[in-house]
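Colleague: I would like to learn how to read a structure, one feature at a time. Could we go through one together?

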Amino acid sequence: MNSQTALLGPGGITFLGVYILSLILIGWLGKRARKENSLSDFYLAGRGMGFLVLFLTLYATQYSGNTLVGFAGRAYREGYQALVLVTLLSSAVGAFILYAPKLYRLSKKYKFITPADYIHFRFNNNKLTLFAASLCLMALANYILTNLKAIGYIVVSVTGGVIPFAYGVIALSLVMVIYETMGGMRSVAWTDSLQGIILMFGVITIFITIQIEYGGFEFIYNAIQTSDPQKLAPPNFTQKLSWFSTVCLGFFGISIYPHAVQRIYSANNEKTLKRSIQVMAFMPIITTLFMVVVGLTAFALFPGLDRQASEGATLLVLKDLSQRGAIGTGMMVLFLSATIAAIMSTVDSALLSMSSIITKDFYKRFRPKKSQAELTRIGKMISWVIMAFAVYLAIVLPQTIWRLLEIKLELLIQVSPAIFLGLYFKKIKAKSILWGMTFGTLFAVGIMVANKLGVDIPAKPGGLHAGVWGLIINLVIVFILEKIKLSPDE
Amino acid sequence: MSTKKILIIWIALFLTVPWWFHGLSNKWLNLPDWGLYAMIAAIIYSILLAFMIQKYWKTEEDE
């Protein structure tokens, strides 16, 4: 790449740079607002988040760079079947309705910091707590790595390769870890608020612009009918099962991402949490749906791209709009800021969550006498170590390993019975949940790894995701153990 | 939240999948019929969730 293919000129890049550096200022303000040197203050902003900040941080965290880049690419390849992504995100809100009220009240009363805190409180089983925390850690680590890689590619596209991939990843990671360790959740939530506003504004603006410039759904339908009419056909039965399986993955997986659970803990009161989740119910419509339309527009404009090229569907539409004169530099800067904001807000939240899990669920469990101030200091150090390691891996990891990093929700979904069943069934035992989680995880990971390493096993046997099969096995084992009272706790 | 509400959330989620469409699609409002169904179902699901939160989530302040 050379500077002539850069998406932004020097002015745009400077503006973007100033915006990114301003996040450090917000992080510093978050540090100044600190009330005490405790884990609760650092990881949950002192449990004092109001409606606007809570909603925006939930929004910015839930919608990652994958929403702006990956979802459009998927819509390009799958056509209208990518509409499942809208329900994928909605289903997570449906799950919040089922568990958030109960979990919030318990977290307030028993001062939970991490999701595993609840699991330990409910089941009082160290093995189960550590296993659940480990699954959360693995899912978050994969999440951070894939998003760091995405951010490197965006920097290369924006600057036309003037800033190389590795330097882009290092610079933006440095900014994130600086503001995160300055003020913890408060800094992250405040930067998320700014990033959430930019993200929402960017997505809505690009959607409206393509409606005006190309003609919206009519243009898309006619172009698809001409170039690939097969994409207009309804999904077959296996694809419909896969559609439902995707929705299940959102319901039991996305909803219990540790950084989402910690935002539930962070609300200053239940009414704030209720209102934030209520508004979140509509976000898939004005974010995911809009990005699916962007991907469909890209297909209508540039049919015939391969998988890798289709991942750049959003940028292709932006370039085309720019060449047509439909958008100026300002709008380009806005959308690229939105993309970077989406990635950063997700990475910083996942990083904070990982740091809290290692500090609280692992370190404190083995060093129970450490003071809150010491634990907070150790948590900050852990953030730096995680980020340094993640940056290194993002730069050097070979492509074959990257395929394995797609395993995120498949792992996380196995933790969901501990939360959902734990909240609703008072008599359910730790051993049943632990065995279910173990076999569910082994089955799901086994299928995923075998498939990605080229063994002749489909990634979605019978249309269902490996993680959903794992969850079914997980639940069946829990059910059997509870029924036949084999649990040693009996 | 009672079993009834859990059932409502899951039945509604199940109905968001375009199960009923087979063979060739027709064009409705510049979309394939099943695509329009999926889009409207997703919008209705969001509205339903917002309604359920309003109606059934009783906060400690409400109680």
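Colleague: Where is the place of Ala132(A) in chain A?

Modeller: This is a predicted model, so that should be kept in mind throughout. Ala132(A) sits in helix 7 of chain A, which covers residues 126-159.

Colleague: Which residues is Ala132(A) in contact with, leaving aside its neighbours within four places in sequence?

Modeller: The contacts are Ala116(A), Ile119(A), Val415(A), Ala418(A) and Met437(A). For Ala132(A) and Val455(A), the separation is 323 residues in sequence and 28 Å in space, taken from C-alpha to C-alpha.

Colleague: Which residue of chain B has a positive phi although it is not a glycine?

Modeller: Leu29(B) has one, of about 50°. Its loop runs between strand 1 (27-28) and strand 2 (31-32) of chain B. Leu29(B) is exposed, since 12 other C-beta atoms lie within 10 Å.

Colleague: Let us turn to whole chains. How many helices and strands does chain A have?

Modeller: Chain A has 22 helices and zero strands. Its radius of gyration is 22 Å, close to the 23 Å that the globule rule gives for 490 residues, so chain A is as compact as a globular protein of that length. The C-alpha trace spans about 70 × 55 × 45 Å along the principal axes. Of the 490 residues in chain A, 57% are buried. Contacts can be read by sequence separation too: among those in chain A between residues at least 6 apart in sequence, 85% join residues at least 24 apart.

Colleague: How many residues of helix 3 of chain A are buried?

Modeller: Ten of its twelve residues are buried, so helix 3 of chain A is largely enclosed by the rest of the structure. The buried ones include Val53(A), Phe55(A), Tyr59(A) and Gln62(A). Among the elements that cover them are helix 5, helix 8 (165-214) and helix 16 (329-366) of chain A. Length is a separate check. At 1.5 Å a residue, the twelve residues of helix 3 of chain A (51-62) should span 16 Å, and the end C-alpha atoms are 16 Å apart, which agrees.

Colleague: What span should helix 13 of chain A have, at 1.5 Å a residue?

Modeller: Its 19 residues should span 27 Å, and the end C-alpha atoms are 27 Å apart, which agrees. In helix 13 of chain A, 16 of the 19 residues are buried, so this helix is largely enclosed by the rest of the structure.

Colleague: In what order do the elements of chain B run?

Modeller: From the N terminus on, the order is α-β-β-α, made of two helices and two strands. Chain B has a radius of gyration of 16 Å, whereas a compact globule of 63 residues would have one near 11 Å. The C-alpha atoms of chain B fill a box of roughly 50 × 20 × 10 Å along the principal axes. Of its 63 residues, 32% count as buried.

Colleague: At what angle do helix 1 and helix 2 of chain B pack?

Modeller: Two packed helices are described by the angle between their axes and the distance between the axes. For helix 1 (residues 3-15) and helix 2 (residues 33-56) of chain B, the angle is about 170° and the axes are 10 Å apart. That makes the two helices of chain B roughly antiparallel. Among the residues that make the contact are Leu13(B) of helix 1 and Tyr45(B) of helix 2 of chain B. By class, this contact has eight nonpolar, no polar and one charged residues.

Colleague: Last, how many residues of chain A are in contact with chain B?

Modeller: There are 31, and they touch 34 residues of chain B. Helix 5 of chain A gives the most to this side of chain A, with nine residues. By class, the side of chain A that touches chain B has 21 nonpolar, five polar and five charged residues.

Technical notes:
Residues are numbered from 1 along each chain as its sequence is written. Chains are lettered from A and ligands numbered from 1 in the order in which they are written. This is a predicted model: local features need pLDDT of at least 70, side-chain atom pairs count only at pLDDT 80 or more; totals for chains, interfaces and linings use all residues. Helices (H or I, at least four residues) and strands (E, at least two) are DSSP runs, numbered from the N terminus. The radius of gyration is taken over C-alpha atoms; the globule rule is 2.2 Å times the number of residues to the power 0.38. A residue is buried if 20 or more other C-beta atoms lie within 10 Å of its own, exposed if 12 or fewer, and partly exposed in between; C-beta atoms are placed from the backbone. Axes are lines fitted to C-alpha atoms, for helices over the stretch in contact, and angles run from 0 to 180 degrees between N-to-C directions. Angles under 35 degrees count as roughly parallel, over 145 as roughly antiparallel, 65 to 115 as roughly perpendicular and the rest as oblique. Two residues are in contact if their C-beta atoms, placed from the backbone, lie within 7 Å. Ala, Val, Leu, Ile, Met, Phe, Trp, Tyr, Cys and Pro count as nonpolar, Asp, Glu, Lys and Arg as charged, and the others, Gly among them, as polar. The expected span of a helix is 1.5 Å times one less than its number of residues.
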